[in-house]
Amino acid sequence: MNETPPPPLALSAAALPDAPLADALRLVALDGAPVLLASSTHSAAPPHRTDIWALPLAGRGPSGAVATIPQLLPALPRWDAAAADGGALSFVVEVAGGAVNALVRLDGASDARTSLTAHRPFASFSGPRFVRGAGAGSLPAPSPGAVSAVVDSATAVVLEAAAAGGGPVDHPIGECIDVVVLAGSPGPTAVCKRVAPGASRGGALPGTVRVSARDAAYGPAGAEEAPFGDRRVFELDADRAGGGLVIVATSAAHLLVAHRPAPGAAFRVLPVDAGGADPATFSAPCVLVTDRTVTLAVLSKARTPDARALVASWPLDPPP
């Protein structure tokens with residue numbers, strides 16, 4: 001039976017008020033609605049800091065500045081955000097320390113600052129992300145605040161707080177230079193970028209995307225899949241779509257989007273209409289699924305006065 005190809009996903013510009021020289025984006029769900037977060041790092045002279053702004057995409061949620069992260073060094077920190085209890089935002093942030101990077105969690109409601117990696121003071125952690133739960137953009141159960149990251153630019157782990165208030169526990173995922181982990185049933189899913197030869201872009205090394213099912217302890221639980229084949233990508237993000245998965249990644253000349261409707265189904269790469277923007281300038285892709293609606297965003301011309309966010313959304317029923 002012939003299947004009519006879906007129309008291209010159309011990207012359109014979203015203003016980034018009060019966010020000059022934006023360098024990163026994230027999407028979170030607050031009160032069931034997508035909110036775009038953008039950051040810019042002020043590093044010309046001390047005191048260095050990274051400011052984060054919010055832009056509600058569906059008319060609900062915070063607007064304007066939502067966090068300021070002080071830092072000792074002028075490096076651009078990688079960070080992630082999630083909705084905590086009461087609708088506040090929590091952040092996990094990469095803290096540059098020269099040769100060794102640490103991770104801290106910032107509680108937006110109380111401004112509490114918690115080290116996640118003090119138990120491994122000589123390891124360098126990068127690319128932190130909250131492990132996403134079944135409710136996209138929210139902290140997962142049963143381990144609120146579980147965080148994935150890459151250790152020493154080579155191996156992915158999931159950091160979970162131990163029972164009874166003990167120290168964090170590291171669950172190894174395997175060889176990765178970037179990773180997104182999604183909680184689910186019967187077990188989590190890991191979306192991993194493996195290093196590939198080639199020049200970096202915007203500080204991101206090229207790699208290939210691999211998807212693997214994991215068991216309850218984050219060990220391998222099935223064969224790996226390659227949603228984009230061996231195409232090289234720079235940055236990626238992923239979210240659950242019901243029982244399926246949506247992955248977005250930047251490549252040398254395209255924004256790549258793959259959708260798998262259910263475990264065991266084949267991934268389908270969806271066409272994207274960049275709306276006249278140059279995909280070679282894209283960075284910081286992010287995706288969020290809320291109520292069977294997918295929202296994705298990507299940053300064009302990061303860290304320039306022309307920086308802008310490009311956004312697309314579509315319902316998963318019927319498939320795009």
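1. Cysteine 286 is buried, with a relative accessible area of 0%. Buried here means under 20% relative accessible area, exposed means over 50%, and partly exposed lies in between (1.4 Å probe, protein chains only). The model is predicted: local features need pLDDT of at least 70 and side-chain atom pairs count only at pLDDT 80 or more, while totals for chains, interfaces and linings use all residues. Residues are numbered from 1 along each chain as its sequence is written, and side-chain values use heavy atoms, with hydrogens and water left out.

2. Disulfide. A search of the whole structure gives one disulfide, a term that stands for a pair of cysteine sulfur atoms within 2.5 Å. The partners are cysteine 176 and cysteine 192, with an S to S distance of 1.9 Å. They link distant parts of the chain, 16 residues apart: cysteine 176 sits in the loop between strand S14 (168-175) and strand S15 (178-182), and cysteine 192 in strand S16 (residues 189-195). The torsion about the S-S bond is about -135°, so the disulfide is left-handed. Cysteine 176 is buried at a relative accessible area of 1%, and cysteine 192 is buried at 4%.

3. Overall content. The chain has 25 strands and zero helices. Both kinds of element are DSSP runs numbered from the N terminus, helices being H or I of at least four residues and strands E of at least two. Of the 320 residues, 52% count as buried. Among contacts between residues at least 6 apart in sequence, 47% join residues at least 24 apart; a contact means heavy atoms within 4.5 Å.

4. Strand S3. Seven of the seven residues of S3 are buried, so this strand is largely enclosed by the rest of the structure. Both of its faces are covered, with Ala24, Arg26, Val28 and Leu30 buried on one side and Leu25, Leu27 and Ala29 buried on the other. S3 pairs with strand S4 (residues 33-42) in the antiparallel sense over seven bridges, where pairing requires that DSSP finds at least two bridges between two strands. Within this pair, valine 28 stands opposite valine 35 of S4.

5. The S3-S4 turn. S3 and S4 form a hairpin with two residues between them. Aspartate 31 lies in the loop between these strands and has a positive phi of about 55° although it is not a glycine. Aspartate 31 is exposed, with a relative accessible area of 68%.

6. S4 and strand S5 (residues 48-56) run antiparallel and are joined by eight bridges, with a hairpin of five residues connecting them. Histidine 42 stands opposite arginine 49 in S5. Seven of the nine residues of S5 are buried, so S5 is largely enclosed by the rest of the structure. S5 and S6 are also antiparallel, with seven bridges, and alanine 54 stands opposite glycine 64 in S6.

7. Leucine 73. This residue lies in the loop between strand S6 (64-71) and strand S7 (79-83). Leucine 73 is partly exposed, with a relative accessible area of 35%. Leaving aside neighbours within four places in sequence, leucine 73 is in contact with His48, Ala96, Gly97 and Gly98. The C-alpha atoms of leucine 73 and alanine 45 are separated by 9.7 Å, the two residues being 28 residues apart along the chain.

8. Tyrosine 218. Here too phi is positive in a residue other than glycine, near 70°. Tyrosine 218 is placed in the loop between strand S17 (207-213) and strand S18 (236-241). Tyrosine 218 is buried, with a relative accessible area of 7%.

9. Largest pocket. The largest pocket has a volume of about 860 Å³. On a 1 Å grid over the protein atoms alone, a pocket is an open set of points where a 1.4 Å probe fits, with protein on both sides within 12 Å along at least five of seven lines; lining residues have an atom within 4 Å of a point. Grid points are joined across faces, edges and corners, and the volume is the space filled by probe spheres set on the points.

10. Pocket lining. Of the 33 lining residues, Arg78, Gly202, Gly203, Ala204 and Glu235 are the closest to the centre of the pocket. Strand S3 (24-30), strand S11 (125-130) and strand S23 (282-290) each supply at least two residues of the lining, and the largest share, four residues, comes from S23. By class, the lining has 16 nonpolar, seven polar and 10 charged residues. Ala, Val, Leu, Ile, Met, Phe, Trp, Tyr, Cys and Pro count as nonpolar, Asp, Glu, Lys and Arg as charged, and the others, Gly among them, as polar.
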